[in-house]
Amino acid sequence: MKEIIFVNRFFHCKNTMALQTCKVYNAICLILLFYVYSTPSFSQSIKYETTYEELIQKAEETLFSDKYKTYEILNQALTLAHNEYSLEKKLYLYDFFVYASGFYYDLDVHRKYLNLLKNALANDMVKIPNKKYYLQTLLFEEGNHNYKIGNYTRAKEKFLELQKNLTNKSTKSWDSEDIDTYGSTLNYLGAINRKQGKLNLAKEYFIQEQKLYSNNKNSLPYWESSFNNSKKLLADIYSKQGRLEQAAILLEEVMLYYRKADKIHHNNARITTSFRLTENYLRQNKIEKALETLKQSENYILFSRPFKNRLMIIRGDIFKKIKKVAKAKKAYECALRETIAYRKGIKHQDVSAIYTKLGDLEKDREHPFMALSYYQESLISASKNFEEKEISSNPKPDDVFSKTQLLTILKKKLEILNEQLIQNNEAHILEASTNTSKDLVATLDALRPEFENKVDKQFLIEQTYPAFHEMIKTAYTGYAKTKDLKYLDDAFLFMEKSKSTFLLEAIRNSEAIAFAKVPDSILEKELKYRAYIVNAEKKLLDADKESKTLLQDSLFRLNTNYYDFLSTIEKKYPQYYQLKYDTKTTSLKELQKFISNHETVLVFHQTDKELFSLAITSSTVKFLKIPFKKEIRDDVTKFHELLSKLTFNKTKEIQNLGKSIYNQILASCLENDANDQLTIIADGLLNYIPFDALIDTSTGDYLIKDKSVSYANSATLLTYMAKKKDIGENSLLAISPAFNSDSGYNPLPFSQRETSLIKSYFKGKILSGKDASIKNFINLKDGYSLLHFATHASANDKEPDFSYLAFTPENNKENRLFVKDLYNYSLHADMVTLSACESGIGKLQKGEGMLSLARGFQYAGVPSLTTTLWKNDDQATSELMGLYYKYLKKGHTKSKALQLAKLEYLNNTEEPELKHPYYWAGFVVLGDNSPISNKPISPWLLFGLGLIGTGILVFGYKKIKAHQAAA
């Protein structure tokens with residue numbers, strides 16, 4: 001991994017106890033190396049000196065050019081050390097052997113001398129000079145060894161321990177060796193996370209490593225080599241993220257450095273860089289550049305079998321790319337033989353990876369069963385004990401070397417199985433597809449807890465999401481062919497597993513803390529960590545360049561410590577871990593028991609070409625596959641676009657789109673459906689549709705006339721967050737901030753009227769004007785069951801965690817409540833209404849749904865939300881919210897109350913312009929739909945409030961007309 005470590009150990013010789021004359025040798029070492037390699041006779045014969053010091057010098061000279069001569073010389077030196085009974089010299093030689101064998105990727109020798117070094121250091125009866133250095137070296141090389149054999153979990157443990165040892169002492173006391181070791185540790189931790197698929201976390205490690213070297217140029221003579229090594233690995237992150245051009249720029253810079261640098265010391269780095277650059281060009285279809293770069297790398301490969309194996313793999317990739325299939329297969333098979341020999345016939349991830357490439361090749365050749373055979377061999381090589389060649393069997397997640405690799409192979413295998421399943425009706429293919437689908441789910445469940453970083457978690461689900469398409473296809477085909485009800489259960493399971501899993505994990509984390517008996521002192525520390533992290537992230541938003549660097553460094557340390565802290569909690573409190581990562585989802589039968597007899601739940605899953613839908617009632621299930629071509633997707637996008645803008649001349653087009661979308665998506669789902677309550681669990685683009693604004697073609701009217709509509713992230717979240725309680729007295733906290741021209745927000749003249757109106761139905765408190773500050777909200781939030789925000793909101797599509805609600809500005813203090821802030825809250829409210837603009841819209845994340853402001857409140861534990869899908873009109877909002885709370889007070893479910901409020905709004909509005917869906921369709925109910933009250937209100941009060949509402953509408957209409965006339 002890090003070749004220059006040798007220079008630090010020997011040429012700069014921090015362990016001077018091994019050689020009294022080390023300074024002299026080190027001063028002339030580079031001259032000797034030049035002389036050695038320019039003298040042809042040297043490689044023909046060598047006359048060894050009998051002195052220990054001369055042998056060490058010879059070993060340093062041959063280290064980078066001749067493995068066998070180096071071993072021979074070191075063994076001779078070791079014999080002398082044994083004869084002299086010199087523990088000091090033996091330790092030095094063990095260390096030398098460890099480094100040399102690591103450089104050669106000679107893992108058996110590496111393990112042998114690691115054990116010798118470890119045993120020698122374990123002798124507490126003997127005083128060992130510079131023992132601290134050797135213990136640090138042992139820890140580092142144990143990590144290095146585990147990394148090279150692919151045991152990344154064990155390697156990570158070693159390097160995290162080393163990192164902790166180094167950071168426990170002040171950085172001011174670090175010498176150049178400490179700095180270099182810390183840099184190497186960051187490098188390995190980045191590389192390990194890269195191997196495990198945690199790309200964002202890996203990137204953070206590499207960036208920190210580069211900063212370390214940039215800031216310590218004077219202390220590290222070879223800092224530039226280490227810096228470029230880190231850049232090379234950072235480029236690999238960009239490649240995996242699909243940022244190929246950015247990766248190529250970095251790799252070209254690194255390659256230029258290595259071509260100018262010392263050829264001997266940087267040989268391995270030069271080879272790996274050229275390989276990565278070749279692979280990058282190949283993915284960009286720059287075949288000529290790829291061939292040229294690969295040809296140059298062949299000149300550097302001297303004796304290392306792993307490099308020769310990888311060379312053959314890349315040759316195979318190039319032949320595959322240019323459609324020379326026979327040559328590609330020959331190259332892969334050669335690499336396979338060599339890799340099996342290098343690994344001594346023992347199962348290994350590298351062997352598995354080549355079998356996977358052979359499977360991919362056969363898939364391209366349209367040889368599906370040959371491809372399946374190779375994928376099965378890949379699964380066997382990827383696991384410790386699995387030996388089954390029958391395609392219906394797969395290894396368990398806890399039996400493999402890498403769960404991410406298992407996930408990749410299973411996805412490829414399932415894709416081939418599904419292609420075969422469509423073409424024939426063989427039961428064993430269906431069985432293999434079903435088993436592989438369920439094993440994919442089990443693997444993903446086992447893998448998720450290993451991802452600490454939120455960005456990496458999201459990347460994992462995005463990469464895995466296409467596999468759910470294949471799983472649901474399997475269930476649909478199985479049901480279509482057999483009508484066996486078990487495939488309905490499978491389809492529902494796969495749909496549930498594909499939805500909002502990280503939101504569910506976050507919500508379950510709160511329960512885990514409550515029930516796992518974690519001490520208050522630990523909980524307090526965990527909360528502080530989260531608060532510090534959020535505070536640093538918010539400061540980064542507006543920081544200048546210099547401050548940004550310092551904040552990023554601080555954030556890196558905070559996150560590193562926090563992940564370590566969480567890992568400790570999870571190990572110390574296993575019940576907490578089990579509850580937090582509970583993988584159980586609501587079953588189809590459980591959902592049917594949960595919903596009412598007059599309710600229909602529609603669960604959707606979107607693929608590139610089709611929608612799968614389960615139409616579920618308390619007694620029936622209908623499984624549909626609906627075409628979802630580009631034309632329909634365009635209609636959905638256009639429908640939302642027209643609804644969210646006040647365009648009076650587009651009403652007819654909106655209605656036509658509403659009819660078209662209903663016919664193509666809902667008609668078959670709701671055929672013969674007499675239920676009046678509809679719950680939508682959307683996916684993909686369907687998250688943008690207010691379904692009650694679609695036109696039911698059987699009646700020619702809005703769907704809202706016949707059905708109340710609510711929404712849920714998933715059935716599991718719907719049932720999990722439903723609060724079963726006796727309906728009692730609810731208390732309301734309503735917030736309506738004041739904004740002037742200097743605040744950066746438009747005034748909301750009707751917001752205070754809105755909060756006054758809804759407070760007439762529920763007891764509580766209004767925070768308006770200057771009182772509507774974040775500080776007051778934080779102080780009062782836990783005392784109320786209903787929270788209502790009549791304010792501005794901003795959706796941040798690029799960084800959803802920085803979407804926010806605006807409060808009244810005060811004394812230059814922060815007046816924005818970010819989604820990130822909500823992650824640290826535990827709200828006691830049963831319902832939150834966000835009548836603010838765009839509170840229910842945001843970035844669409846595959847597998848997670850809409851990353852909106854509303855989701856932040858769900859993270860905080862709120863079971864039910866009323867939100868908006870676009871920027872709404874202040875006046876109409878005030879009227880609708882008043883009607884909504886009126887019907888909530890009457891004891892209706894939330895979706896029914898909203899339906900009745902919208903219908904009354906439409907019935908009471910005489911002017912056609914005010915009936916435009918822009919004014920009413922954007923409000924939706926998300927989550928728990930149960931009533932919040934069972935107490936009727938006075939009819940006289942209703943009469944008075946009705947007059948107020950009518951006045952608002954008349955005033956609003958006149959204002960619109962005046963605006964149109966002025967325009």
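# Cavities and aromatic contacts in a predicted model

Both F762 and Y885 are buried. The structure holds 12 cavities of 30 Å³ or more, and a search of the whole structure gives 41 aromatic pairs.

**The pair F762 and Y885**

- The ring centres of F762 and Y885 lie 6.0 Å apart and their planes meet at 75°, so the pair is classed as edge-to-face; the cut-off for that class is an angle over 60 degrees.
- This pair links distant parts of the chain, since the two residues are 123 residues apart.
- F762 is in the loop between α31 (751-759) and β9 (763-769), whereas Y885 is in helix α35 (residues 874-889).

**Other aromatic contacts**

- A pair of aromatic rings is described by the distance of the centres and the angle of the planes.
- Y355 and Y374 form a tilted pair, with 6.5 Å from centre to centre and 35° between the planes.
- Because Y355 lies in helix α17 (residues 349-364) and Y374 in helix α18 (residues 368-381), their pair ties together parts that are 19 residues apart in sequence.
- Y355 and Y374 are both buried.
- One aromatic cluster is formed by F64, Y71, Y94, F97, Y99, F103, Y104 and Y113.

**Charges over rings**

- K89 places its charged end over the ring of Y52, at 4.6 Å from the ring centre.
- In the case of K781, the charged end sits over the ring of Y825, 5.1 Å from its centre.

**The largest cavity**

- Rolling a probe the size of a water molecule over the atoms shows where empty space is left.
- The largest cavity contains about 360 Å³ of space.
- Its lining consists of 27 residues, and those nearest the centre are N687, Y711, N713, M850 and L926.
- Two or more lining residues come from each of β16 (849-852), α34 (853-859) and β18 (923-927).
- The lining of the largest cavity comprises 12 nonpolar, 11 polar and 4 charged residues.

**The second largest cavity**

- The second largest cavity has a volume of about 170 Å³.
- It is lined by 15 residues, of which R448, T501, R508, D582 and T583 are the closest to its centre.
- At least two lining residues come from each of α22 (486-497) and α23 (501-515), and α23 gives the largest share, 4 residues.
- By class, the lining of the second largest cavity has 9 charged, 3 polar and 3 nonpolar residues.

Methods. Residues are numbered from 1 along each chain as its sequence is written. This is a predicted model: local features need pLDDT of at least 70, side-chain atom pairs count only at pLDDT 80 or more; totals for chains, interfaces and linings use all residues. Side-chain values use heavy atoms; hydrogens and water are left out. On a 1 Å grid over the protein atoms alone, a cavity is a set of points where a 1.4 Å probe fits but cannot get out, and a pocket is an open set with protein on both sides within 12 Å along at least five of seven lines; lining residues have an atom within 4 Å of a point. Grid points are joined across faces, edges and corners, and a volume is the space filled by probe spheres set on the points. Ala, Val, Leu, Ile, Met, Phe, Trp, Tyr, Cys and Pro count as nonpolar, Asp, Glu, Lys and Arg as charged, and the others, Gly among them, as polar. Rings of Phe, Tyr and Trp (its six-membered ring) pair if their centres lie within 6.5 Å; planes under 30 degrees apart count as stacked, over 60 as edge-to-face and the rest as tilted. Buried means under 20% relative accessible area, exposed over 50%, partly exposed in between (1.4 Å probe, protein chains only). A charge sits over a ring if NZ of Lys or CZ of Arg is within 6 Å of the ring centre and within 35 degrees of the ring normal.
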